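Thanks for taking a look at this one with me.

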Amino acid sequence: MKINSNTTSQSETSTVPYTLGDMEQGAACCIPVPHIEVENLSVAYQGKIVLEDVSLNINKGCITALIGPSGCGKTSLLSSLNRLTDLIPGSQMQGKVHIDGVDVRDPQLDVMTLRRKVGMIFQKPNPFPLSIRRNIEMPLREHGVKQRGELEARVTTALQDVGLWDEVRDRLDTPALSLSGGQQQRLCIARALALEPAILLMDEPCSALDPIASVVVEELIHSLRNRYTVVIVTHNLAQARRVANYAAFFWMTGRVGKLIEFGRCQSLFDSPSHDLTAAYVTGVSG
Amino acid sequence: MFKQPARYSDVMLTLLVWLATLLVVGLFAWLVGDLILHGYSKLNLAFLLDVPQNAGREGGIAPILVSTLLILAVALLATLPLGLATAVYLSEYTNGALANGIRMSLNILAGVPSIVFGLFGNALFCIWLGMGFSIWSGGLTLACMMLPLFISTTESGLSAVTNEWRHGAAALGLSHTAALWQVLLPAASPAITAGLMLSIGRALAETAALIFTSGYVDRMPTSLSDSGRALSVHIYDLSMNVTGGDASAYGSALVLIITLMVISGIAVGLTNRFLSQRITLS
Amino acid sequence: MIWSRHNTSSPLRADATLARVTGSLAMAVAVLLGLVILLLIRESWGMLVDGGWVRFFDSEGWYPQRGQFDLLPMLWATLAASLGALLIALPLGMMSAVFSRFYAPGWMVSSLRRVMMLLAGIPSVVYGLWGLTVLVPLIAQWEPPGASLLAAILILALMVLPTVALTSEAALAAVSPASLQGAAALGLSRKGIVLGVALPEARAGIMTGALLAALRALGETMAVLMVAGNVVQTPGSVFDSVRVLTANIALEMPYAIGDHRAALFATGLMLMLIVTLLSWLAGRREELAHV
């Protein structure tokens with residue numbers, strides 16, 4: 001495992017100054033501060049191990065891509081970060097996951113709040129069969145935001161953040177399902193952003209979209225850097241190169257998913273240390 | 001490689017199949033035609049609003065319609081909460097032994113003959129619980145018969161509301177209850193209502209179970225503990241026990257069929273709306 | 001950031017309450033079947049214990065006032081009526097399903113299905129009414145008395161036909177297009193495709209439909225009661241008046257007491273067992289089909 005703990009030549013420079021004590025939102029990416037610490041994580045479903053012994057640190061404000069062929073446990077890793085694995089019957093988690101120093105499996109932890117702070121975007125856009133406005137308002141209400149004024153403000157901000165505001169401002173009360181695929185996915189991102197998370201988990205957010213919508217969503221993800229910590233699973237290596245700061249490469253060995261290499265995106269692609277990584281990123285295998 | 005005269009067996013099958021269908025459609029036309037022919041003369045407001053006279057040969061079916069509605073109301077009062085709760089339980093909370101046990105027992109109950117439910121209802125509600133022949137007994141017995149159908153259609157409606165929304169709601173930190181109330185039940189409501197309509201249709205067609213629980217009395221019921229005659233029972237009585245009651249029987253049958261057609265039309269419409277709502281544009 | 005002491009936050013509490021409420025109501029429903037069986041056994045106890053049930057098979061006819069409870073004639077009548085109905089409804093239903101799927105012009109298909117669904121929704125009393133006023137006199141013209149096993153068979157056939165047609169149609173629709181296209185590509189005629197490929201592949205679904213139809217036929221009360229004549233005798237010919245088990249219960253319940261009443265409940269119990277067996281069989285076929 002190769003982690004660049006010391007910055008050498010940074011091609012990307014952050015525009016937001018890193019401030020100490022900025023614990024809620026992701027801070028500047030160029031100074032790596034671990035936000036999520038995964039230690040020897042293994043995930044199994046009904047006795048079948050899908051992910052074994054993964055250890056890595058996700059840095060604050062950075063975009064980390066999880067790459068590798070299907071079935072290597074990337075989605076399982078994502079789901080364990082916000083404990084969505086709890087919903088899958090027969091799922092077991094071993095190892096440690098700490099977010100801001102807090103163990104996500106601590107029994108005193110309120111899972112609902114965890115999931116508010118760690119948002120998730122799914123591969124297939126899943127806006128609720130409600131109006132656009134209610135899609136964003138309803139979770140806010142459930143989490144205690146009741147004031148009319150504040151609700152409206154947060155809806156507007158969220159939609160502006162994802163670039164949907166101008167497109168839907170005059171039809172906020174129409175069904176969300178009548179939006180196009182790309183718009184629906186952006187709505188889902190807005191819905192998660194409205195809850196003011198610190199971390200965003202994205203499971204192949206563009207794979208169900210047409211190429212044009214893909215580009216729009218990708219640009220949106222790019223704009224999230226420094227403001228949020230993003231972990232994105234993607235099959236699209238070019239996309240990973242374009243968008244991510246860090247990359248983690250997974251592969252199946254012995255029918256179990258394992259982390260092969262992790263490091264700064266640039267170096268992983270240009271000079272991978274592992275043969276498997278080299279083979280994958282050059283398209284020779286996987 | 002040119003067209004050959006059709007083989008004998010091909011022609012035979014085609015003929016057979018056309019004949020079979022024509023026979024079936026013909027029988028249906030005969031039955032419905034007869035119904036309309038003999039019953040339409042009774043289709044007027046007076047029939048619906050008058051009380052039966054001369055043992056039902058003349059007059060109307062007003063008290064019977066009221067009894068039928070009351071029995072249905074009692075049945076729904078019991079079925080809706082029990083059915084919804086059980087369906088929610090089955091689809092949301094368990095996949096284990098208890099849930100499978102419930103499903104299996106409901107499957108068996110769905111096939112039990114209505115006369116057996118009549119026996120059961122009579123023994124439990126009329127005698128054991130002392131309700132006697134009453135609208136209560138009839139309604140509750142009907143509820144037992146409606147539950148399997150209602151629960152299975154509601155559960156499949158809820159399950160069809162896919163995991164996408166369920167997981168999406170969980171990922172947003174919403175509780176089970178919030179997800180159910182705000183997203184899943186509303187999304188499944190057309191399917192649930194369609195299932196409800198189907199169950200009501202089944203209930204209205206019931207006769208054997210009601211004869212032994214809500215009884216035969218054709219007077220206007222004054223309370224739910226009164227005995228009341230349902231529409232289907234009325235048809236039975238008129239055709240079997242009342243000579244010359246055929247005309248009224250046909251009239252009542254027509255009223256019943258029209259009601260059932262309207263209800264099933266609503267169910268079909270709702271199901272289609274439910275299905276089309278699930279198609280997302282991309 | 002996300003630390004909180006053990007939170008009795010209302011969302012979690014609401015979830016727990018919901019689980020408890022739905023759980024208890026579901027339990028109530030779960031016991032329903034048990035309750036039905038229990039009650040049936042309780043009410044029929046007098047006839048079942050001490051070898052009392054033997055009376056069902058070796059009595060001298062059905063004379064409840066004299067303690068004679070020979071069920072056999074009615075058992076034969078029930079089986080004859082149901083089997084006869086299936087013999088007619090199965091081929092007819094299957095053929096109209098084949099028609100709807102492979103022979104009918106497009107516009108006919110949905111109307112046909114709607115006709116079937118309407119037929120399926122007609123209450124049994126209405127079938128009985130029609131049978132009584134139209135079918136029975138017709139048969140009587142051929143061979144009195146008209147109210148006979150034949151009438152019962154015909155009416156039952158009409159009643160289960162929609163079930164057979166609809167389930168067969170669904171089974172045929174589930175036949176993979178790949179199989180059908182493959183058969184066509186081999187140059188098979190329509191008959192060849194239907195008989196050689198579609199029907200065999202749809203066999204499981206059709207059989208389930210047949211079982212459901214058998215269930216309905218066995219359990220039918222009102223329509224058969226109204227047209228079959230209700231004389232307790234083993235049918236010698238289709239024109240004999242017969243009484244089926246379900247009709248027997250319906251006719252005699254109003255005034256049965258003591259052993260007589262217990263006998264009727266016992267018949268109900270027996271019907272339940274037959275139905276459970278058939279349901280279980282149908283369930284097993286579903287499982288086997290998916291293996």
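Which residues of helix 11 of chain C are buried? Keep that in mind as you turn the model; point 3 comes back to it.

1. **Confidence first.** Please remember that this is a predicted model. For chain A the mean pLDDT is 83, and 88% of its residues reach 70 or more. The stretch to treat with care is residues 1–28 of chain A, where the pLDDT is below 50, although this stretch has 45 contacts in the model beyond near neighbours in sequence. Where pLDDT is low, the predicted coordinates should not be read in detail.

2. **Chain C as a whole.** Chain C holds 12 helices and 2 strands, and along the sequence they run α-α-β-β-α-α-α-α-α-α-α-α-α-α. Its radius of gyration is 25 Å, whereas a compact globule of 291 residues would come out near 19 Å. Along the principal axes, the C-alpha atoms of chain C fill a box of roughly 85 × 70 × 35 Å. Buried residues account for 46% of the 291 residues in chain C. If you take the contacts in chain C between residues at least 6 apart in sequence, 74% of them join residues at least 24 apart.

3. **Helix 11 of chain C.** Here is the reply to the opening question: L245(C), T246(C), A247(C), N248(C), I249(C) and A250(C) are the buried residues of this helix. Helix 11 spans residues 245–252 of chain C and is mostly covered, with 6 of its 8 residues buried.

4. **Two domains in chain C.** Domain 1 of chain C brings 10 residues to the contact and domain 2 of chain C brings 8. On the domain 1 side of chain C, those residues divide into 7 nonpolar, 2 polar and 1 charged.

5. **A cis peptide bond in chain C.** P144(C) and P145(C) are joined by a cis peptide bond, with omega about 10 degrees. You will find P145(C) in the loop between helix 5 (124–142) and helix 6 (149–173) of chain C.

6. **Where chain B meets chain C.** This contact takes 65 residues from chain B and 62 residues from chain C. On the chain B side, helix 1 (residues 8–39) gives the most, with 16 residues. The chain B residues that touch chain C divide into 44 nonpolar, 17 polar and 4 charged.

7. **Chain A as a whole.** Chain A has 10 helices and 10 strands. Of its 286 residues, 48% count as buried. Among contacts in chain A between residues at least 6 apart in sequence, 69% join residues at least 24 apart.

8. **Two loop residues in chain A with positive phi.** Q46(A) is not a glycine, yet its phi is positive, near 50 degrees. Q46(A) sits in the loop between strand 1 (34–45) and strand 2 (48–59) of chain A. Is Q46(A) buried or exposed? Q46(A) counts as exposed because it has 9 C-beta neighbours inside 10 Å. E196(A), also not a glycine, has a positive phi of about 55 degrees and lies in the loop between helix 6 (181–194) and strand 7 (199–203) of chain A. With 18 other C-beta atoms within 10 Å, E196(A) is partly exposed.

Technical notes: Residues numbered from 1 in each chain as written. Chains lettered and ligands numbered in written order. Predicted model: local features only at pLDDT ≥ 70, side-chain atom pairs only at ≥ 80, totals over all residues. Helix = DSSP H or I, 4+ residues; strand = E, 2+ residues; numbered from the N terminus. Buried ≥ 20, exposed ≤ 12 C-beta atoms within 10 Å, placed from the backbone. Contact = placed C-beta atoms within 7 Å. Nonpolar A, V, L, I, M, F, W, Y, C, P; charged D, E, K, R; others polar. pLDDT = per-residue confidence, 0-100. Rg over C-alpha atoms; globule rule 2.2 N^0.38 Å.
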